[in-house]
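Subject: Structure handover

Hello,

Here is the structure you asked for. My notes follow below it.

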Amino acid sequence: MTSEQSVEPESSPEETATAEETAKPRHAGFTYRLGRSLISPLARLVYRPRIEGRENVPPTGAVIFASNHLSFIDSLAIPVAAPRPVHFLAKSTYFEGTGLRGWISRTFFESIGAIPVRRGAGQAALDALDLQRQLLEEGLAVALYPEGTRSTDGRLYKGRTGVAFLALQTGAPVVPVGLIGTDKVMPVGAKVPTVSERITVKFGEPLDLSPHGPATSGRARRLATDDIMAAIHALSGQELAGTYNEAPAQGTIEKIKQALPHERR
């Protein structure tokens, strides 16, 4: 998960300042505290979520919420149900819009504890993990989806190892989360959620993954990931897909890459 050092061209002070700014996570501030105080009670009143296992969430210190992923509103359901502030990553485009619509989008995502990040593989994925590591080192809580993206068929897919890497690297406990019904409240493709359905949020007992070994071990990351996914499955009760949730391969080379055994981060 490390990259070789390289010599970069000399940057201007403005470029250096921008790089340093984007390398640090944007903390949830006043907007988040205000949004949490307003959105959480309203969401509980409207959607009447069933919340189980809140006592399993450590009240202080670093913690990783690892959840199944069924709907866009999962990233709202977890902060609403959790007994402490939660940070999660969201596409940077949600924060970059202009005009009234851009302001509404940016304010909403800031109010639910989202942190902007540019999505992608390779270095972008490593940068995202580094942002979350910084938050954990400050004793904060972050939420991640080991499946990588939303399940469109309701099944639980194999977990990618980034969550386990983060937990093994920082020593943070992992609280598995099982979300039930969020895909009925807001299915993939829906523009607004319905209020006729209820959701259930289950917090499992914290997992100490350190016995599996160091973060540098691929075997340790894989075994730790499997433990996380087993705990999520026990909470959500979903059918297991047995594969990774990834778009169909385009072209012969991509098909070969997906067929070959390799670690999904």
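Arg155 is partly exposed, with a relative accessible area of 26%. Here buried means under 20% relative accessible area, exposed over 50%, and partly exposed in between (1.4 Å probe, protein chains only). Arg155 forms a salt bridge with Asp153, with 3.0 Å between the closest N and O atoms. A salt bridge is a side-chain nitrogen of Lys or Arg within 4 Å of a carboxyl oxygen of Asp or Glu. Asp153 is partly exposed as well, at 39%.

Two points on provenance. This is a predicted model, where local features need pLDDT of at least 70, side-chain atom pairs count only at pLDDT 80 or more, and totals for chains, interfaces and linings use all residues. Residues are numbered from 1 along each chain as its sequence is written, and side-chain values use heavy atoms, with hydrogens and water left out.

Salt bridges

The whole structure holds four salt bridges. Asp130 pairs with Arg133, and their closest N and O atoms are 2.4 Å apart. Both residues sit in helix H5 (residues 123-137), three residues apart, so about one helical turn separates them. Helices (H or I, at least four residues) and strands (E, at least two) are DSSP runs, numbered from the N terminus. Asp130 is partly exposed at 29% relative accessible area. Arg133 counts as buried, at 19%.

Arg222 and Asp226 also meet in a salt bridge, at 3.2 Å from N to O. They lie four residues apart in helix H8 (residues 218-236), about one turn of the helix. Asp226 is partly exposed, at 36%. Salt bridges that share partners join Asp130, Arg133 and Glu137 into one network.

Cores

The largest nonpolar core has 27 residues. Such a core is a set of buried Ala, Val, Leu, Ile, Met, Phe, Trp, Tyr and Cys residues joined through side-chain atoms within 4.5 Å. Phe65, Val177, Val201 and Phe203 have the most contacts inside the largest core. At least two of its residues come from each of strands S2 (63-67), S3 (87-91), S5 (141-144), S6 (174-180) and S7 (200-203), and from helix H3 (74-81). A second, separate core has 24 residues, including Ile64, Leu129, Leu166 and Ala224.

What does Val201 touch, beyond its neighbours within four places in sequence? Its contacts (heavy atoms within 4.5 Å) are Arg50, Ile51, Glu52, Ala77, Ala81, Val177, Gly178 and Leu179.

Strand S2

Five of the five residues of S2 are buried, so the strand is largely enclosed by the rest of the structure. Val63, Phe65 and Ser67 point one way, while Ile64 and Ala66 point the other way. S2 runs parallel to S5, joined by four bridges. Strands pair if DSSP finds at least two bridges between them. Ala66 stands opposite Leu144 in S5. Four bridges also join S2 to S6, again in parallel. There, Ser67 stands opposite Val177.

Elsewhere

Val46, in helix H2 (residues 30-47), is partly exposed, with a relative accessible area of 32%. Glu110 is in helix H4 (residues 99-111) and is partly exposed at 22%. Its C-alpha atom is 9.8 Å from that of Tyr94, 16 residues away along the chain.

Best regards
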